[in-house]
Amino acid sequence: MGTRNRRSEALHTMTFAPTRETFEPLALPLLPALYNHAFWLAHNHAEAEDLVQETLSKALRAFDSFQPGTNFKAWVFRILRNTFLTSRTGIAASRTEYLEDHPTAFDTPDDGPTPEDTLIDLDDAAVLHAALDQLQPPLREVLLLCDVEDLKYKEIALVLDIPIGTVMSRVSRARQTLRQILQSQIARPQ
């Protein structure tokens with residue numbers, strides 16, 4: 001684990017009693033990540049801003065219930081997700097079919113480069129965003145939490161309120177699907 005990740009994890013894992021004075025230094029560095037994740041969930045800048053504002057308001061009100069020694073980032077992301085799911089947009093988005101009900105839907109051989117190799121070779125943010133946008137919401141969400149926000153599988157399971165095995169399965173399927181989407185974009189003549 002890199003120095004940046006260790007510092008970030010240490011900052012976001014509280015070992016002292018939560019007070020209103022300790023909330024701001026923990027929450028403010030997370031604003032960009034919360035907004036980015038909210039935008040991926042809502043697909044609308046104004047709704048993402050409202051979602052982050054409501055999330056931080058709820059987190060501040062409930063901060064005295066935060067358990068010292070646990071990951072603050074995972075706690076706030078769970079509040080963000082729950083807030084989204086109870087919103088009008090979230091309710092509509094949650095009416096999706098679970099991939100676990102269709103286990104063979106994304107069966108693909110694991111030949112070729114990894115998604116990370118493809119992304120490095122691609123070096124095009126617009127294509128990556130378009131590919132991520134094509135992922136089904138449960139796959140996109142777990143991939144963003146894992147690969148963009150650097151949350152551990154256990155923390156993702158807590159945020160999404162799903163078993164860790166489901167997290168692992170979704171991450172694997174998301175990476176495979178993203179690989180297929182990106183490979184089809186590379187193969188397409190420009």
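Is R175 buried, partly exposed or exposed, and what is its relative accessible area?

1. In this predicted model, R175 is partly exposed, its relative accessible area being 23%. Its side chain meets that of D147 in a salt bridge, with a distance of 2.6 Å from N to O, and this pair links distant parts of the chain, since D147 lies in helix 9 and R175 in helix 11, 28 residues apart. D147 likewise counts as partly exposed, at 36% relative accessibility.

2. Helix 10 (residues 153–160) packs with helix 11 (residues 164–187) at an angle of about 105 degrees, the axes lying 9 Å apart, and this angle makes helix 10 roughly perpendicular to helix 11. On the side of helix 10 the contact is made by Y153, K154, I156 and A157, and on the side of helix 11 by I164, V167, M168, V171 and R175. By class, this contact has 7 nonpolar residues, 2 charged residues and no polar ones.

3. The whole structure holds 6 salt bridges. One of them joins E149 to K73, with the closest N and O atoms 3.3 Å apart; E149 sits in the loop between helix 9 and helix 10, whereas K73 belongs to helix 5, 76 residues apart. E149 counts as buried at 8% relative accessibility, and K73 counts as buried at 12%.

4. Helix 5 (residues 72–86) also contains T83, which is buried, with a relative accessible area of 3%. The side chain of T83 makes a polar contact of 3.4 Å with the side chain of K58, and, leaving aside residues up to four places away in sequence, T83 touches L51, E54, T55 and K58.

Definitions and conventions
Residues numbered from 1 in each chain as written. Predicted model: local features only at pLDDT ≥ 70, side-chain atom pairs only at ≥ 80, totals over all residues. Heavy atoms only, no water. Axes fitted to C-alpha atoms, helices over the stretch in contact; angles between N-to-C directions. Helix = DSSP H or I, 4+ residues; strand = E, 2+ residues; numbered from the N terminus. Parallel < 35°, antiparallel > 145°, perpendicular 65-115°, else oblique. Contact = heavy atoms within 4.5 Å. Nonpolar A, V, L, I, M, F, W, Y, C, P; charged D, E, K, R; others polar. Buried < 20%, exposed > 50% of the residue type's maximum accessible area, 1.4 Å probe, protein only. Polar contact = N/O pair within 3.5 Å; in protein donor to acceptor, adjacent residues only side chain to side chain. Salt bridge = Lys/Arg side-chain N within 4 Å of Asp/Glu carboxyl O.
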